[in-house]
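Visitor: Please show me the model. I would like to go through its salt bridges and one of its pockets.

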Amino acid sequence: MADPPFGFGMPDRSEGSGGQGGSGGSGGSGQPPGPDNPFGDPQQFADALRQFADLMSWQGGPVNWDLAKNVARHTVAAEGDPSVLDTDRQKVVEAIRLADLWLDEVTSFPSGVRTAQAWSRSEWVEATLPVWSKLCDPIADKAVDAMGGMLSMDPGEGGELPGELNQALQAVTGGMGGLAGLGSMGGLGAMMRRIGGMMVGGQTGAAVGALAREVVSSTDVGLPLGPEGVAALLPSGVAEFSEGLSVGPDEIRIFLALRETAHHRLFAHVPWLRSRLLAAVEDYARGITVDTSALRDAMPQIDPSNPEALQAALADAALFQPEDTPQQKAALARLETLLALVEGWVATVVGAAAGDRLPQAGALAEAIRRRRATGGPAEQTFATLVGLELRPRRLREAAALWQQLTDVRGVAGRDAVWSHPDLLPTAEDLDDPAGFVAGRPELDTSSLDEEIEAVEADADTAKPDEDGESGSGDADPGDADPGDAGPGGPAN
């Protein structure tokens, strides 16, 4: 059995000299709790407390990302995560190289791939978790802060810890009385922040691990999650994607390699795109609020001897909710539009590269669209975790816009739109792609130039009358008033 989320050993994992079921001596593994032994097997409970203390000693920030990585790896290993065979690795590398050559003909961006790799699911977790931690930190900080401030030192104000956790903390603090012991060690708030970091780390790790069981490449969710320049496919994910499709495995592999290499070209040669896309996710995350009632409901499940109970309680709890504010709606619209534009461009160039080479390219593109539109259990898990769906809503509209740009302006003209973020289509442009392709009326400055010239001409004509004697200094005979008698006229 894989290790549970918080890393504690489950009662049926210990297989020491005594075996299971107490066939060894007294005090062997699997000893059930009783009146004289409320914690079950003493050795197992001592191991759980030691692991609990190790987790509580995390010093790398508010969220325990080491725990998140371990949970994610255990999640993918629970259902099997075989190492990549050399033959599969070679097939992936060849598919990526071939796909990268095909893209040379359909985009002005040069290759963005420096290394081609084949990953297991665990390797995907290792390679992408640094970016996940960056994306989740704004939300995780709020959860940890909420956890730290949720309980008061005064038990009469709701600060009583769940019984199992209080007993565990009493053991960890050397029998100083749970809450009282924590008070003498620096306060309950700091300890609860540590527990909050464990909760968020474990839950994030479980979501990332579940997502690893569905992805087929490093850019499958539309975000630049992996290292720059490293194009990777997951043979196990490609095999699962192929199930139910009447298409040969080689064709599917090349099609998915086209999508992977197309993403890398875009992220490599649009220098502002990677940071802007990740910043859009972070901006959205900053507007997420934490449902403290869901956290409070989960608190009774914090039991060092049964961490899966907490995991189950949090799995169905919508801990994070987006704020219903104009700023949050605008941040979500920007993020969804940018994701759709990236995916639409990829779909367009992949379709152009594969159209005459892969007989089933259209069917595979439709399978990708259906997959992105419906999502899977892992995407739904992550949406529950951070309040954000990872799939674009307007993929078809974005793909149609990029295709029209290609038809009217050509490949170079289409790709030139990525030269500056202000040139990108907006959400309104997705409603009227033909209007965007034809050009925005407000950008036509010809009439404005004519008006400026007319104003300048009028100013030049009116200038002598306005300046009078302070004009150029030389009197123009044509400027004299016919009614003036001469220099002495004004004296009259």
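**Salt bridges and a pocket**

Guide: In this predicted model, Glu 79 and Arg 213 form a salt bridge, with their closest N and O atoms 3.5 Å apart. The pair links distant parts of the chain.

Visitor: How many residues apart are Glu 79 and Arg 213?

Guide: Glu 79 sits in the loop between helix 2 (65-78) and helix 3 (86-103). Arg 213 sits in the loop between helix 7 (188-212) and strand 2 (230-233).

Visitor: What is the N to O distance between Arg 357 and Glu 105?

Guide: The side chains of Arg 357 and Glu 105 meet in a salt bridge. Arg 357 lies in the loop between helix 13 and helix 14 (361-374), and Glu 105 in the loop between helix 3 and strand 1 (115-118), so the pair ties together parts 252 residues apart in sequence. Arg 357 is partly exposed at 33%, while Glu 105 is exposed at 58%. The N to O distance is 2.9 Å.

Visitor: Which helix holds both Asp 250 and Arg 253?

Guide: Asp 250 and Arg 253 form a salt bridge, the closest N and O atoms being 2.8 Å apart. Asp 250 is partly exposed at 47%, whereas Arg 253 is buried at 14%. The two are 3 residues apart, about one turn of the helix, and both lie in helix 9.

Visitor: How many salt bridges does the structure hold?

Guide: Some are linked in a network, which joins Lys 69, Arg 73 and Glu 126. The structure holds 15 salt bridges.

Visitor: What is the relative accessibility of Arg 121?

Guide: Arg 121 is in helix 4 (residues 121-150). Leaving aside neighbours within four places in sequence, its contacts include Asp 81, Arg 213 and Glu 240. Arg 121 counts as buried, because its relative accessibility is under 20%, at 3%.

Visitor: Which helix supplies the largest share of the lining of the second largest pocket?

Guide: About 370 Å³ of space lies in this second largest pocket. It is lined by 17 residues, and among the closest to its centre are Arg 276, Arg 334 and Pro 421. The lining divides into 11 nonpolar, 2 polar and 4 charged residues. The largest share, 7 residues, comes from helix 13.

Key. Residues are numbered from 1 along each chain as its sequence is written. This is a predicted model: local features need pLDDT of at least 70, side-chain atom pairs count only at pLDDT 80 or more; totals for chains, interfaces and linings use all residues. Side-chain values use heavy atoms; hydrogens and water are left out. On a 1 Å grid over the protein atoms alone, a cavity is a set of points where a 1.4 Å probe fits but cannot get out, and a pocket is an open set with protein on both sides within 12 Å along at least five of seven lines; lining residues have an atom within 4 Å of a point. Grid points are joined across faces, edges and corners, and a volume is the space filled by probe spheres set on the points. Helices (H or I, at least four residues) and strands (E, at least two) are DSSP runs, numbered from the N terminus. Ala, Val, Leu, Ile, Met, Phe, Trp, Tyr, Cys and Pro count as nonpolar, Asp, Glu, Lys and Arg as charged, and the others, Gly among them, as polar. Buried means under 20% relative accessible area, exposed over 50%, partly exposed in between (1.4 Å probe, protein chains only). Contact means heavy atoms within 4.5 Å. A salt bridge is a side-chain nitrogen of Lys or Arg within 4 Å of a carboxyl oxygen of Asp or Glu.
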